[in-house]
Amino acid sequence: MDINFEAFVEWDNSPFILFNNSGKILYLNNAAEILFGYVSKKELYDIAVSYAPQSFGYKTTSLTLNYDSFIFHAITIGYENEEQISIRLYNTPRVKPTRKLETDKFIMTDINILLEANIALFKTKNPNPLKLLTDQDLPPFKLDQNNFSKLLRKVLNAFRSSDSIDISLKLLIGQHVIIEDKKEPLIQLSIEANGRYNDADEEIRLLAAESQIKSLLKEHSIKLEIPLIT
Amino acid sequence: METFFTTSDKIQHIIKSFNLTKTLFVSSIIIGEPHIGKKSLARYLFPDAPIVSGANQEEVTQALENHDELIITDFEKLTNQSNFDFSNKRIIATANYIGNSSLIDDLFGFIYTMPPLVERPDDVTYLTKHFAQEARSILMLDSLDIDLKNIPLNLSKNSQSLKKSIYLYLVQHSMDSSEIEEVLYHYLLKNLDGNDAYREYLSLYEKPLIQAGLKKFGSQLQLSQVLGINRNTLRKKIYEHHID
């Protein structure tokens, strides 16, 4: 029996890419297509070449790769001839918060006020000028005000000696998250600077996860994707 | 109504942040040395909030049950901090120092550090004027002519020591001889003892006499003439009292 496996690869949740020997993409599945919004073709090709097996065949290597919200824990590189090389990246399973969100305890909040208050506090520690771009028309939504303030404090604190800090707050158009079977819009808070501390990254991840906020922590930036629960 | 004066940038930011969160249910703590105006600031920002002291644990626990908005002073004195749940309450705490930092971090959304007076020269000028006015009125020294710049200000204990140094200066500069005599009388009454007391306590008179004389007349020669004593005697006394 002849089976065509292509559709299985196409719909695999983990990215798969086939390059030719000059780094041109010959094939990529759906997951890889999305991934290329966050990483360059060259970078993945270079990784494929560096981790390729010594001679024809397949080799799996455990390593952590981080591209925005994509986290991979291993890759398999394979080639059967001199012309083509493939890479498959293994998605790291996400830990689902086990704690149920007690949304009934949340209070309708204007996030802009909380953000401004936190920036005022932050300015007592870092006098460097910062740019703030925010959408004043964001509707109020339900939030644990004290917990969110803690999260904001820690996030801003990571930039305590940074300069050229850019803060922006906007609605992520077209993106949603499902919380308790309800589709909720997302707001993104992004803070970027010339550099930052990462000593509290783990705490930030935990605090964010507790409130079902997705945190993307990078070398120069922190982004929070906050569900707009109404 | 409580007023609060400051030109310190840091404190202005703290006030701004508090004003923004006034209607929110967040917990905040102001941390800083004693006597820098933490409690005054809290009362100024939240004039209607009840105030309890961390020195009285039971009172705090009870107040937390009955109020959604509360000022807790001396937070560092509470030993049961870990039992508190501040969610959906508006708590404004003040503390002289951070006891358990991870606990403070966990309890409070906003953690403010208030700078001491040493870092707030403009506020010191304002407070000096304010305390000098208060002291003149209380000590009934309205006609006393002093230059505030000459007052040696003690900021080691912030507004408390500042206030004391201003009151002392005013008292010292307004005493007449009978009051000075009285001060000496009470001091001697308390301390006089031993077998060489005459010589010992004579320095209470001689030392300031020579110090003031040297400051006023510049040279030992001139001072000995003013005092009507021999120059050698004066030099000997300067040496005895370790005067530079």
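Reader: Which residue is the bridge partner of B:Ile30 in S4(B)?

Author: The partner of B:Ile30 in strand S4(B) is B:Thr94; helices (H or I, at least four residues) and strands (E, at least two) are DSSP runs, numbered from the N terminus. This is a predicted model, in which local features need pLDDT of at least 70 and side-chain atom pairs count only at pLDDT 80 or more, while totals for chains, interfaces and linings use all residues. Residues are numbered from 1 along each chain as its sequence is written, and chains are lettered from A and ligands numbered from 1 in the order in which they are written.

Reader: In which sense do S1(B) and S4(B) pair, and over how many bridges?

Author: Two strands pair if DSSP finds at least two bridges between them; S1(B) and S4(B) are parallel, with five bridges. S3(B) also runs parallel to S4(B), joined to it by four bridges, and within S4(B) the residue opposite B:Ile72 is B:Ala93.

Reader: Which residues of S4(B) are buried on one side and on the other?

Author: In a regular strand the side chains alternate between the two faces of the sheet. A residue counts as buried if 20 or more other C-beta atoms lie within 10 Å of its own, as exposed if 12 or fewer do, and as partly exposed in between, with C-beta atoms placed from the backbone. On one side of S4(B) the buried residues are B:Arg90, B:Ile92 and B:Thr94, and on the other they are B:Ile91, B:Ala93 and B:Ala95.

Reader: Which residues of helix H2 of chain B are buried?

Author: An α-helix has 3.6 residues a turn, so residues three or four places apart point the same way. In H2(B), residues 38-45, the buried ones are B:Lys38, B:Leu41, B:Ala42 and B:Leu45. Seen down the helix axis, they fall within an arc of 100° (taken from the directions from the axis to the C-beta atoms), so they line one face of H2(B). Their cover includes helix H1 and strands S1, S3 and S4 of chain B.

Reader: What is the strand order of the open sheet in chain A?

Author: The order of its five strands is S7-S9-S10-S12-S11, with mixed pairing. Strands S7 (130-134) and S11 (214-217) of chain A stand at the edges with a single partner strand each, so one side of each is left without a neighbour in the sheet. Within chain A, S10 (residues 182-192) and S12 (residues 221-227) pair in the antiparallel sense over seven bridges, and A:Glu192 stands opposite A:Ser221 in S12(A).

How values were computed. Contact = placed C-beta atoms within 7 Å.
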